[in-house]
Every structure is written in C-alpha cells, then in structure tokens.
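Hi everyone, thanks for coming.

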Amino acid sequence: QVQLVESGGGLVQAGGSLSLSCAASGSTFSRYGMGWFRQGPGKEREFVAGISWSGSATRYADSVKGRFTISRDNAKNMVYLQMISLKPEDTAIYYCAGTRAVLSTIRSDYNSWGQGTQVTVSS
C-alpha cells in the first residue's frame, strides 16, 4: 500500500480559498488513482474529487464542481486539492486516498487512506 499524509487544513472565512496537499510514499504512486473524501460532523464520508493515474481525467462531486480542483505531480508523489469560494458546508475532515483503479468515485475502491486534515469555514 501507499502511505499518505495530508496537510494544509485550517480556518478560513466563507468565500475564501484554501489548498490541501497529500504526500505519498511506500509504493508506485503513478499506478494509483487518487481521491479526496470528506466527513463533516454527523455525516458519512463522501467523495469530493478524483484523478486518474496520469492526471488526464478527473471527477468531482456536484457539490464542489466549479469550486474545487484536484491535481497531481507524479514526479513529486503529491496530490493537491485547490478550493475556492468556500462555504460553511465545506467544513469537514478531508482525507486523501489511493486506489489501484485508474479512477474511482467509490469509497470501497480505495485501500490507502491518510489521517485527515481539518478544514473549517466560518460564516
């Protein structure tokens, strides 16, 4: 499995921007589809964004489409989530995840998970 560590979470005002990073190690990063999930208070962990092995294909949850951008740099073993126009409902713990599938929106397809980083959006 690939080991994943998220960073970049914090407190931001509604309408603001924040960028998250995920550092991978321990496996062949370029052969993992990568995704971001989030879990708000009292909610199930939900898919946010995914990116294919090469970065050529992406998928987004409807709730973040047009506001969030996922990207990856295979040379650096890094995946990123750029978030703009943040809303209070974006408040959650954000998790980086890896799958052996090329790209997936399904939680059960992911077999590597980071520890999570807290994003709080104030109104």
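**A walk through the strands**

Let's start with Ile93, which counts as partly exposed because its relative accessibility is 30%; buried would be under 20% relative accessible area and exposed over 50%, with partly exposed in between, using a 1.4 Å probe and protein chains only. Before I go on: this is a predicted model, where local features need pLDDT of at least 70, side-chain atom pairs count only at pLDDT 80 or more, and totals for chains, interfaces and linings use all residues. Residues are numbered from 1 along each chain as its sequence is written, and side-chain values use heavy atoms, with hydrogens and water left out.

Back to Ile93: you'll find it in strand 9, residues 92–99. Helices (H or I, at least four residues) and strands (E, at least two) are DSSP runs, numbered from the N terminus. Beyond its neighbours within four places in sequence, Ile93 is in contact with Phe37, Arg38, Gln39, Gly116, Thr117 and Gln118, where contact means heavy atoms within 4.5 Å.

Next stop, Ser112 in strand 10, residues 110–113. Is Ser112 buried or exposed? It's buried, because its relative accessibility is 1%. A polar atom of its side chain lies 3.2 Å from the backbone oxygen of Val2. That's a polar contact: a pair of N or O atoms within 3.5 Å, where, within protein, one must be able to donate a hydrogen and the other to accept it, and residues adjacent in sequence count only if both atoms are side-chain atoms.

Now Tyr60, which sits in strand 6, residues 58–60. Its side chain gets to the backbone nitrogen of Ile70 at 2.9 Å. And Ile70 has a bridge partner in strand 8, namely Leu81. Strand 7 and strand 8 pair antiparallel over 6 bridges; two strands pair if DSSP finds at least two bridges between them.

So what order do the strands of that open sheet take? There are 4 of them, in the order 1-3-8-7, with antiparallel pairing. Strand 1 (3–7) and strand 7 are at the edges with a single partner strand each, so one side of each has no neighbour in the sheet.

Of the 27 residues in the largest nonpolar core, Trp36, Val79, Leu81, Met83 and Tyr94 touch the most other members. Such a core is a set of buried Ala, Val, Leu, Ile, Met, Phe, Trp, Tyr and Cys residues joined through side-chain atoms within 4.5 Å. Strand 3 gives the most to this core, with 4 residues.
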